[in-house]
Amino acid sequence: MGIRVSNLIKRFGDFVAVDNVSLTVGRGELVAFVGPSGSGKSTILRIIAGLESADSGSVYFNGEPADHLHASARGVGFVFQHYALFRHMTVAANVAFGLRVQGVARPERERRVGDLLDLMGLQGLGQRYPSQLSGGQRQRVALARALAPQPKVLLLDEPFGAVDAKVREELRHWLRKLHDEVRVTSIFVTHDQEEAFSVADRVMVIQRGRLEQSGRPDEILDTPATEFVARFIGEANVYETTVHEGCAAVGRLRVAAAGLAEATAVSLVIRFYDLKFWRDDEGIATVVRMTTLGDRVKVEALIDGGVRIFSQFPRRSSLLHGMESGCRIHIVPTLTRFYPRGAGGGSVPAADPAQTPEKARPILEYPANSTAF
Amino acid sequence: MARLEGARSLSPGQCAVVLTVCAYIGLVLVLPIVALVSRAVAQGPAPLLAAAGDPAARGGLVLTLVLAAIAVLANGIAGVVGALVMVRQRFLARRVLDALVDMPLAVSPVMTGLAFLLVFGRGGWLEPALGLLHLKVTFAFPGLVLATLFVTFPFTLREVAYVLAELGTDEEQAAVTLGASAWQTFWLITLPNIRFGLGNGIVLTLARALGEFGAVLVIGGAISGKTQTATIFIYNAVEERQEPAAYAMALVLAFASIALLVVIEWLKRRRSAEN
Amino acid sequence: MSSIAAPGTQGHGLALRAGILAYVGALILIPLSALLFRGLEGGLAGLREAVTESTAWQAVLLTLWTAAIMAVVNALFGTLTAWALVRYRFPGRGMISALVDLPFAVPTLVTGVMLVTLLGPQSVLGGWLAAQRMQVAFAPPSIVLALLFVTLPFVVRAVEPVLMEQDPAEEEAARTLGAGTWTVFLRVLLPPMMPAILSGTIRSFARALGEFGSIVVVSGNIPYRTLTAPIYIFGEIESGQPARAAAVSVVLLAAALALNLGARGIERITGARHGQA
């Protein structure tokens, strides 16, 4: 069942939580709402579920208006951040609840519950109580419970927020696997963009009650529509500067700003992984610190002129060859984005990669047996 | 969590504190109970049996129990409804309601009786209406019911409200999304979750109803056979110098309260065990 | 946090609200209004006159000073009891903790009867006291004892949670900074306890103002000596003077309400400070 939301507005007192939001979720899609805390994403979700009512605007399920329907009549499955399992019921009773309310007969109920518990890897836990389960198990029970009455729509509100990192990854796999099997239209809300990207078909970035951008993960990464999206998704260096003679200056680093008028005030956004550093004794910056983060290395450098810049490389990248704290490096951005400052609006086409007025440097020669990054 | 000093490691100063506390509790609480029990026991089983046979005594106990049952039922329901309304809803009169709920705890029992007298008694506000309906409230059973309902009102409401506030609404929202109606949500989800608060409230209501004296005395008039509750029976017995009967009935009520106390403590244990 | 919106629940919620408002209005508001109206018939002057009438005045004074003595004793021993129950482990601790709740379960009249059997002229203790020329039964000390029994839980249960929340790390920090036992007690432990002791004591005082059942059998109800204000009110009702009874009631009730409001205010402020509320 497809979901359409049109011109939704919701206020809490003076605070505008949802500011004229319109969006569509296709049938069978798995969409993520991603944004910082307080951005209104949960509120939109709850309005779709019928747990909150909008001040104006409408929600449509399969083209039919749903605003008049009570939350219990919308056929929506909802998974809460803190599980909201019925603490005094067993796992099986929890999962069966929706069926019981629908009046499904006992044998059929038990069969469906059994199937769902198997699907979610909870075999044998049917008679346990929620307090006896781990966080990951509880959330899987919550998923099973929401799916038992075969909802037309599945909504998840920060479903993995209350568990620790390892379990979170596992649960993401479950969700994706579940979606592939059951194919129910789903929306899940998260503030973790990595999570959104790894699970969803489409991502909607929401900030301050507004939809900033909607698209596939690679679209959002490569063509962020607003400065907020560019900053929020992935780690980025952001510089507020002015275009001068066709370039934006970041300390001694000059970044080509083709097509921008002289003296335009811009925010320049360069993702950490859209930069190349390499050791160069005549370079324009000095390495301050190198931090190993598992499979990546984050390099912090100080560009001559006192501007900090961060970049990140796979751990075995040959660019790191010979790089150490205190050494001089050269910097080449591979992808940059400019946003007019103040308006927070659309972006200006990206500058050509790797063009600087200084001599263009060729890529380092790799030692014969190094691994390419 | 406060650090505990074990019994072995108590310093002399701390021992002194413990002993003082024990002496205080012993003097103020235990000694009076012991005095009553030993006096009642000393006078032998005869007065107790006589009291058991005395229709006035039996009537008094039955009346008290009936009033207590009514209080538990009516204020149990009102308590749950009131708690739901006060915790889950926002409306203008909420502050007023909050203040009114606490009132019975601040009002002296004799004032309660007086207040009802002023409404239903001679020269009272509703006296003409009662006359029309041929209803008697003062010096009759209905008056006792009203007085008992008044004094026992806050207990269940407060206990359930406390639990409701702590519980939050997540589970109820989940139930709604799964298709449960308002009644199903209440019956299957809310009620089981508040059962300890409700239990506590009911026990406190019972204890208060059993022990009600001043208000029922004033509104009821202590008419033997009609408005003489167990406590009033004791009072009358004392006034008429029928000490043995008074002590026997007092003993019965004392044991009932100790039984209720045991239930209160048991509920406390169950509740913390479940947490 | 808004109640679950959407059509449907509105109906139920409103019906429940109306129901409880009607119930409370009929059961509590109307009788208390009647009391208020009758008591204020003579205006404030009438109130003053009713309260300052000699028997009434003596009764009020007696109520006040017996309650005051009880409050002081309760504050001290209640705090001590809470302290021992929370911080020490000793045999009988569980029993004492349970006993503290007893006054909430025992009928006040039965309390009075217990005290009569303990202190009355026919009892062992009573006889002994009389021999020592110490009047307890049918004298003010019996009133104080009755009040102590009835209000015992108030201070204890108010102070206990505060002590339980106390972080031992604070004491340890104070000690590492060189503070001795008394200093630790006075500077670290006592200050957070004070509001609780205060509010518990105030509530017990307010409760004592209206106490009837336990005093009426044991004090002898001798006017000017052991006749407390609630018993005076009772007397006025019995002798057909509801207006005077109502007037004195209004004064006492106002005092009790003001005290309870004060206690609640203290609890709110300290609760808010601890990040609850």
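At which residue does α8(C) bend, and which proline follows within four residues? The model considered here is predicted, and in it α8(C) bends by about 50° at T151(C), with P153(C) as the proline that follows. This helix covers residues 140–165 of chain C and has 26 residues. From its first C-alpha to its last it reaches 38 Å, close to the 38 Å expected at 1.5 Å a residue.

The domain assignment divides chain A into domain 1, spanning 3–222, and domain 2, spanning 236–340. Their C-alpha centres lie 40 Å apart.

Chain A also contains an open sheet of 6 strands, whose order is β6-β7-β8-β3-β9-β10 and whose pairing is mixed. At its edges stand β6 (76–79) and β10 (210–215) of chain A, each of which pairs on one side only. From one strand to the next, the twist averages 15°. Within the sheet, β3 (residues 30–34) and β8 (residues 185–190) of chain A pair in the parallel sense over 5 bridges. F33(A) has V189(A) as its bridge partner in β8(A). Helix α4 of chain A, residues 135–147, lies across β6 and β7 (153–157) of chain A and runs at about 170° to β6(A).

The description now turns to the contact between chains A and B. Here 15 residues of chain B are in contact with 18 residues of chain A. On the side of chain B that touches chain A, the elements giving two or more residues are α8 (170–177) and α9 (182–193) of chain B. The most comes from α8(B), with 7 residues. By class, this side of chain B has 7 nonpolar, 6 polar and 2 charged residues.

Note on methods: Residues numbered from 1 in each chain as written. Chains lettered and ligands numbered in written order. Predicted model: local features only at pLDDT ≥ 70, side-chain atom pairs only at ≥ 80, totals over all residues. Domains from an automatic or database assignment. Contact = placed C-beta atoms within 7 Å. Nonpolar A, V, L, I, M, F, W, Y, C, P; charged D, E, K, R; others polar. Expected span 1.5 Å × (residues − 1). Bend = angle between axes of the 7 residues up to and from the residue. Pairing = 2+ DSSP bridges. Axes fitted to C-alpha atoms, helices over the stretch in contact; angles between N-to-C directions.
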